[in-house]
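Dear colleague,

Please find the structure below, handed over for your use.

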Amino acid sequence: MRGRTFFLLVQNTVQKEYRNKTLIFLFLFTLFILWMDQTFFDFIKDKLFQGQTFSLFNFKLDLFYYIISSWNFLMGALLGVSCLRSDVQEGVLEEILSLPLSRINYITSRLVGTWLIVMGYYILSLLLAFLVFGYKGKGGFDFAWPLFSSLIMSSIPILAVITLGALFSLFFSRVWALLITLLFSSFVSFSNEIFAGKYFEGLTQIKSLGQGIYAFLHTFFPHIGTFNTLSKELFGNHELTKNLSLELVHFGLTFSLLLFILLKRLRSMENYVDEG
Amino acid sequence: MEKSTDSTIIKATNLTKTFGGFKALSNFSLSLEKGSFFGLLGPNGAGKTTFVRCLLDLTVLDKGHILINGIPHHKPEARNHISYLPEKFSFYPNATVRETLQFFSVFKILNKKERTPEIEKAMEELSINDLARKKIKQLSKGQLQRVGLSQLILGKPKVLILDEPFGGLDPLLIKDLKDLLKKLNNEGTTIIINSHILSEVERLCDSLAIIDKGKLLALKKIQEIDQDLEDFFIQTINSNKEAHL
Ligand SMILES: Nc1ncnc2c1ncn2[C@@H]1O[C@H](COP(=O)(O)OP(=O)(O)OP(=O)(O)O)[C@@H](O)[C@H]1O
Ligand SMILES: [Mg+2]
């Protein structure tokens, strides 16, 4: 029972964005970035290194990866803000919650569905980039494996951003929720840099109010910044500078806390209809 | 707590719900027998919608408890056999009618193989087969209501809850709806209707309650009311007002 409805709602989350043509727009955007990237490097090569033969594969891919991963951060916030909010706006939430389905089941399936959209888009974009940049003629392709481990790592902070977006969307209008999600995630990332490597002991070393706020963000929210750093390290084939298992434990705890707050908020809403 | 008998399907005890100091439900108790056709009547703002939203756990009660088929209402299983048509049915504007019904069918029909034939049957029942491929945003109000109704009856639920189902419908649809509800009730389905259109309720329901300002003012079998329903309604509401003067 539970698995079946969970799967249905995950599927429904993807369908919802598909019907809205969001995905088509995103795909066009990717093509545009690919094309700009390709043109830019070919231009440089023609102008500066005329006649020399070498591959620009890694440069092209690096630039593309940087653009796409920051774009994905934005996309996570954007889709996160709408994944629950659109149900409220279309007046569907009331109908969904009147079905034999728990609220937590509803929330998690929406978040997972949104996360799958972002990750699916991410993977497709990168595969496309390989096809376009990596073609060497005669059926040969350049390939960069670290990219995929890096991708898996970056899926973790994206889930956190989606969840923050969903949470803020139940308090603020869409535009404000989006802005607040982006700002908040940036502050959390920043706090992760300040308190890098520290876990719950961050709270004991507060000397000023500003530092206190950062310590609070670092302690009680998923380490978006840390996982992004880890992902970049994997991409560059560097040693990991953070303790991954401890980071995962911290993520598990703080993510559960976020889910709990989201659940409480949904529970306390009296109207599942948009007020404007 | 009073024990509910096997024939009780809904048992609400001492429900109280306030919205910022305003009592939308006040010590409201009600119990319904299986197979009854029940009308909840009351003027605008009386608390009818609030009551059914509490049944479905869409609104959190301040006080009181509800058992549905013996299961506490806040458990998702309590809604296994309940189907709800809100005052304004809506679905994703870009979904087609069939997609809409497919969505609800997964929750309401356990056996996967039965879903497609049941959807066809429900569309047939409400004469919307021709609309199957239309998008929700392209439907007229009455057509949308028909989709809401076919969603409502998917999977033969034991209890149907309809909030103001007659509002804004043409006489043809009202007749179809009444015939459908009568048929389902004869087959044993319990039906709860919120309404202030007394004439429709009078002809359909076997029992009714009158609610105003969150209070239960009367609970009667239809044959116990020996005067005109409208007179009874107005008298009941007015005597409650006088009691408060
Ligand atoms: N979310 C809410 N916040 C504040 N007040 C509310 C809320 N929902 C309902 N109310 C109030 O509770 C009272 C009962 O409302 P309810 O919707 O249950 O009435 P109703 O009997 O369904 O009326 P109608 O016939 O107009 O549909 C009203 O006074 C309404 O203003
Ligand atoms: Mg109402």
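How much area is buried between chain B and chain A, and what part of it do carbon and sulfur atoms give? The buried area, meaning the accessible area (1.4 Å probe) that two parts lose on being put together, summed over both, is about 2700 Å² here, and carbon and sulfur atoms give 56% of it. L58(B), Y92(B) and F107(B) supply 28% of the area that chain B buries against chain A, more than any other three residues.

Please note that this is a predicted model, in which local features need pLDDT of at least 70, side-chain atom pairs count only at pLDDT 80 or more, and totals for chains, interfaces and linings use all residues. Residues are numbered from 1 along each chain as its sequence is written, chains are lettered from A and ligands numbered from 1 in the order in which they are written, and side-chain values use heavy atoms, with hydrogens and water left out.

**Chain B with chain A**

The contact (heavy atoms within 4.5 Å) takes 30 residues from chain B and 28 residues from chain A. Between the two chains there are 3 salt bridges, a salt bridge being a side-chain nitrogen of Lys or Arg within 4 Å of a carboxyl oxygen of Asp or Glu. One of them joins R267(A) to D57(B), at 3.0 Å from N to O. On the side of chain B that touches chain A, the elements that give two or more residues are β1 (8-19) and α2 (97-108) of chain B; helices (H or I, at least four residues) and strands (E, at least two) are DSSP runs, numbered from the N terminus. The largest share of that side, 6 residues, comes from α2(B).

**The two domains of chain B**

Chain B is divided into domain 1 (1-81 + 159-245) and domain 2 (89-157), with bounds from an automatic or database domain assignment. Their C-alpha centres lie 25 Å apart. Domain 1 of chain B and domain 2 of chain B bury about 1100 Å² between them, 64% of it on carbon and sulfur atoms. L160(B), L173(B) and L180(B) supply 37% of the area that domain 1 of chain B buries against domain 2 of chain B, more than any other three residues. Across this interface the rule finds 3 salt bridges. D176(B) also forms a salt bridge with R146(B), the closest N and O atoms being 3.3 Å apart.

Yours sincerely
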